[in-house]
Number of protein chains: 2
Amino acid sequence: VSDFREDGHAAIEWAARYLENVGDLPVLAQVKPGELTAKLPPAPPEDGEPFSNILRDLDDLIVPALTNWQHPRFFAYFATTASEPGILAELLAATMNQVAILWRASPASTELELHVVDWVRQLLGLPEGWHGHIEDTASTSTLAAVMAARHVTGRNVLVCSEHAHSAADKAARMLGMELRKVPADENLAMGTDVDLSDVAAVIATVGTTSFASVDPVRELAERAHAAGAWLHVDAAYAGSAWILEEERWSQDGVELADSLVINPHKWLLTPMDCSLLWTSRPEDFRKAFSLTPEFLRTPDDAYALSDYGPALGRRFRSLKLWAVLRCYGAEALREIQREHIRLAQLFAGLVEDDPNWELCAPQRFSLVVFRRNGSDEENEEILAAVNRSGEIFISHTKLDGRYVLRLAIGNVSTTEADICQAWDALNREARQR
Amino acid sequence: VSDFREDGHAAIEWAARYLENVGDLPVLAQVKPGELTAKLPPAPPEDGEPFSNILRDLDDLIVPALTNWQHPRFFAYFATTASEPGILAELLAATMNQVAILWRASPASTELELHVVDWVRQLLGLPEGWHGHIEDTASTSTLAAVMAARHVTGRNVLVCSEHAHSAADKAARMLGMELRKVPADENLAMGTDVDLSDVAAVIATVGTTSFASVDPVRELAERAHAAGAWLHVDAAYAGSAWILEEERWSQDGVELADSLVINPHKWLLTPMDCSLLWTSRPEDFRKAFSLTPEFLRTPDDAYALSDYGPALGRRFRSLKLWAVLRCYGAEALREIQREHIRLAQLFAGLVEDDPNWELCAPQRFSLVVFRRNGSDEENEEILAAVNRSGEIFISHTKLDGRYVLRLAIGNVSTTEADICQAWDALNREARQR
């Protein structure tokens, strides 16, 4: 159908223009639920159309309904960047369309994945010998780790902090396990005075979603192991910061983990989806996932990455991570993260210096948790107003029952001017309440 | 880093050349385990490189280690096509980098996904009102369905045919469920005389991986429902053929299913990964999966597709399916499938007419299951020899303990000449034993 080169070059031009202009678009989509759906033909076409129609409809229909994750003033959830080498690598991966169900089905995808994940292990200063592979999201990585833990311990209880990601709740629900949530201390870190004697796995978080707080991994790991439990570390966001020596304080005890998840699609410039899952106990993952008995394993099987997670078919995800690591190089990645952290500290300083606002949690990594002095309703209205303006997009959470705001930095094109604009927008809307 | 337009156009040229020349490459990768790994630098680079280095290394390192799924003589597993509109849509999806954790995080991705999956529902003649969304693979889709079934039934037993996909075994293992396999009849279809009183879910398959055989879905659904069990239909491969009226015989009873998986990345020209999961019981999926944590709570939760499967973050997968359906149009997709089925019938005819070979299972859809008259070892050697030649790539399975060969057709560029070449290669290698 049509001409691949012609369509392809047009698609590249479309992508280049989108990336150049995304900063001029509203950050949060300015549409109502169902608005896009109403514009789409109810039935699929019988006859083919030119690819240029797709590009036209991207402009007319899709872009207005995007929340622009590539926008420099996207500060919600965890802000991300799909960098240019990563984007182009996804084109190439789709072209080769590898389905890496086992080694022979794609030696390139299988071996590059193991190799590039090991590169990241080196950059982060993680222990040698850990087995790492790629899942789609941290939810899946954590689910896989909990599955392995339950399988090898034969226990059915999961333990995490009250501030752990909802993926823990979802894993327990999906697996029919009991979930016990442990209260956090004044630093929002998980308590350690907990009986683990019947526990399959403890999830410790480095960089919680709400506050970027850090659980005491070493003590949790020691207690978990003493009780025969598995220790899984969720560092989906903050673990990427271990490329910086100065952020490795938060890595203390991680070398004791049984499994660890870190998402380069969050803070290492890689497009969705790229979640890295390491384990120091690969044989226990195989016990949980492999349908090939150990005594039948061939040299090919040694590489079957479907033995470490739920899916059988596997996309060539390592290609984008390879392209990002090579085209940036480690030092440029460090500089980008240092700048994000500097901008977060700058914003936290603005909040601290203004008596109308307060910092609600210790500032960590590239996240700032704060609120306007006033009611929950006032903060909720400020958030709704700035997001509705399209100028910035921030999200919220609850702390001790209070409504608090979150500003997360992670886009490669975010500048000091963007941070100042966010601060101005927040103050403007606050003054109008 | 570098120039996106320049790198992008070079990437398109690389992709165009790969697609033009893939038919001249060996189908099965001609490398040994570890061969690519040995050529990769052991440590990640400190300094950035130009993107052109990636393209150079694709040629030098990656392509020789590919098993070429895009090759017209790829006949193993289920043969697939990543079509050109689908490939370019993946570039565009990576550019926009949507993370559709809930509606407001990406109205476009959320609504287009619901809409395009409904287009496929219409093309396949499935019941109105079913809720459909996209997972990565059939393993995950089936896992999600079994999770929902277990959650709502409170039972812990899974039932499937002896010929069901290994995803059933893996789901039972991952969830700690008991799996009961039911013997198949002389047509390789699942038996129905089975007690389902304590069963959470029955998996019925339309188009088994080994033989493309079809289970009696209607009877299994009626029995499952009478016993309070869930009926999941795995039509990952063959369900796509329901775009053809003449293949709808295999859809009998599917309208009774509680859930159904069909993979457009298998036989609807869509790049990995695109697995469609429908359910007639969306509220039961939400009971199993929905959490709606505080930090994500908005008025738009009605559309949250993470409430229907394990992952929270979701890639903009619907874009490629939209591009494929529009750029081909339904009628062209039907013609392509009809041609694949015709080619399979042609090959089956060659086998049947030759006393040295035999057809081992009723020919269904685009799969042929066959063997050389002779020992298992002889067949194993023939398979190894043709695959080693790089000329074709086929796979095998076991039937009543005997080693049998599988030839699956699914690449859009496969012609009658390719089928004849496969037949010639098989006969050449057979004569040399």
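Visitor: Which residue does A:R326 form a salt bridge with?
Guide: A:R326 pairs with B:D57, and the closest N and O atoms are 2.8 Å apart. A salt bridge here is a side-chain nitrogen of Lys or Arg within 4 Å of a carboxyl oxygen of Asp or Glu. Some ground rules: this is a predicted model, where local features need pLDDT of at least 70, side-chain atom pairs count only at pLDDT 80 or more, and totals for chains, interfaces and linings use all residues. Residues are numbered from 1 along each chain as its sequence is written, chains are lettered from A and ligands numbered from 1 in the order in which they are written, and side-chain values use heavy atoms, with hydrogens and water left out.

Visitor: How many salt bridges does the rule find across the interface of chain A and chain B?
Guide: The rule finds 12.

Visitor: And how much area do chain A and chain B bury between them?
Guide: About 11900 Å², with 65% of it on carbon and sulfur atoms. Buried area is the accessible area (1.4 Å probe) that two parts lose on being put together, summed over both. On the chain A side, A:F4, A:R173 and A:R326 lose the most area to chain B, together 7% of what that side buries. The contact (heavy atoms within 4.5 Å) takes 135 residues from chain A and 136 from chain B.

Visitor: Switching to the sheet in chain B: what is the strand order?
Guide: The order is 1-7-6-5-4-2-3, an open sheet of 7 strands with mixed pairing. Strands are DSSP runs (E, at least two residues), helices are H or I runs of at least four, and both are numbered from the N terminus. Two strands pair if DSSP finds at least two bridges between them.

Visitor: Which strands of chain B stand at the edges?
Guide: Strand 1 (131–135) and strand 3 (178–182) of chain B; each has a single partner strand, so one side of each is left without a neighbour in the sheet.

Visitor: Tell me about strand 4 of chain B. Is it mostly covered or uncovered?
Guide: Mostly covered: 5 of the 5 residues in strand 4 (201–205) of chain B are buried, meaning under 20% relative accessible area with a 1.4 Å probe, protein chains only. B:A201, B:I203 and B:T205 point one way, while B:V202 and B:A204 point the other.

Visitor: What does strand 4 of chain B pair with?
Guide: Strand 2 (157–161) of chain B pairs with strand 4 in the parallel sense over 3 bridges, and strand 5 (230–234) of chain B pairs with strand 4, also parallel, over 5 bridges. B:I203 is the bridge partner of B:C160 and stands opposite B:H232 in strand 5 of chain B.

Key:
Buried < 20%, exposed > 50% of the residue type's maximum accessible area, 1.4 Å probe, protein only.
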